[in-house]
Amino acid sequence: VIVVFTGGTGGAKLVQGLHQVVAPEELTVIVNTGDDIEWWGLHVSPDIDTILYALSGLLSTERGWGVEGDSFRCLERMKQLGQPSWFSLGDLDLATHLTRTAMLRAGKSLSRATTELATKLGIRARVLPMSDDRVSTMLDTAKGTLTFQEYFVRERHQVEVRRVRFEGAHRARPAPGVIESIVAAEAIIFAPSNPVTSIGPILAVLGIRDALKQTKAPIAAVSPIVGGAAVSGPAGALMKMMGWPSTIAGVAKAYEDFLDGLVADHADEAEASVLRSEDLRVRCTNTIMNSPAARRDLARFVVEACAVKRGAGVGL
Ligand code: GDP
């Protein structure tokens, strides 16, 4: 089984690619829940939803989140009624949040609710939240302490961040199946998700980093940094804040205690040759996933890079 660590929009593209090249039963996706938000009384798990929609073919290609072709009539009416409206939920998307919230209120865990939603959507790959316990990514900024969605959506990440914290992580236990999948994986792939706010929360959950250090599986990451800058979003700025360069070397630094291989873009060939070492294989390819074919090709490249190590005991 191939295990993928991911956040939302960037990671989902690689997950879609992997879904094209690996049998669904051979794919386990471990998803960030540090961005989860209570909105209009509903429990919204944006990254889990993006992955569920990606794997069921419902994901909006244009937006990269939410359901393709969704309408926003409820949102408009909520705004008219004086309700907060800076976080957009589509009408069909609402059905997911209503169902999840009802399941959680009935006493089901987030992982149980996720499995049931995935089954209803016809998904055969395994989707695991990082934890059933609440972990909240909080950012100390020039405008005070913000949740991830307040920072990312409401403030459009245009505010200086001084510190990122994962509230609750020190007592959060990995969801059932997370540690087992890491230990038993054939290969582990870090999607090109934001290393600080999408992967950071997962690595902060008790025991996950240790399991990654101990597993025999090759561990590869796809860089979200291309040509020395994030393809989109605040990854570059947040990496700098962490004291990591906003380059592929910074991505390697974020994962240094367990990473075997890094897949970078051709645009970063020069940096790749500096970074390459005995301990870290660095391979370059096209990593811009702007079409289903590009997603598939990158996924195949990463899987094959991992397979080399499995076969020959070297590689990546
Ligand atoms: P979020 O939860 O919506 O922030 O999504 P992720 O953390 O999963 O993805 C955001 C990251 O994906 C950003 O840092 C982008 O640089 C990266 N990204 C987006 N599209 C691509 C792409 O096509 N290729 C690569 N290599 N990275 C991408």
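**Ligand surroundings and aromatic pairing**

In this predicted model, a backbone N or O atom of S232 lies 3.3 Å from an oxygen atom of the ligand. Of the ligand's own accessible area of 590 Å², the protein covers 95%.

The shell around the ligand consists of 21 residues, of which T9, K13, S193, S198 and T287 come nearest. When these residues are grouped by class, eleven are polar, eight are nonpolar and two are charged. With four residues, helix α1, which spans residues 9-21, gives the most to this shell. As for the space taken by the ligand, it is the largest pocket of the model.

A further feature concerns the aromatic side chains, among which eleven aromatic pairs are counted. One of the pairs is formed by W39 and W86, whose ring centres are 5.0 Å apart and whose planes stand at 65°; because planes over 60 degrees apart count as edge-to-face, the pair of W39 and W86 is assigned to that class. W39 belongs to strand β3 (residues 37-39), whereas W86 lies in the loop between α3 (73-80) and α4 (91-105), and the pair therefore ties together parts that are 47 residues apart in sequence.

How values were computed. Residues are numbered from 1 along each chain as its sequence is written. This is a predicted model: local features need pLDDT of at least 70, side-chain atom pairs count only at pLDDT 80 or more; totals for chains, interfaces and linings use all residues. Side-chain values use heavy atoms; hydrogens and water are left out. A residue is near a molecule or strand if one of its heavy atoms lies within 4 Å of it. A polar contact is a pair of N or O atoms within 3.5 Å; within protein, one must be able to donate a hydrogen and the other to accept it, and residues adjacent in sequence count only if both atoms are side-chain atoms. Accessible areas come from the Shrake-Rupley method with a 1.4 Å probe; for residues, only the protein chains shown count as cover. On a 1 Å grid over the protein atoms alone, a cavity is a set of points where a 1.4 Å probe fits but cannot get out, and a pocket is an open set with protein on both sides within 12 Å along at least five of seven lines; lining residues have an atom within 4 Å of a point. A molecule sits in a cavity or pocket if more than half of its atoms lie within 2 Å of its grid points. Helices (H or I, at least four residues) and strands (E, at least two) are DSSP runs, numbered from the N terminus. Ala, Val, Leu, Ile, Met, Phe, Trp, Tyr, Cys and Pro count as nonpolar, Asp, Glu, Lys and Arg as charged, and the others, Gly among them, as polar. Rings of Phe, Tyr and Trp (its six-membered ring) pair if their centres lie within 6.5 Å; planes under 30 degrees apart count as stacked, over 60 as edge-to-face and the rest as tilted.
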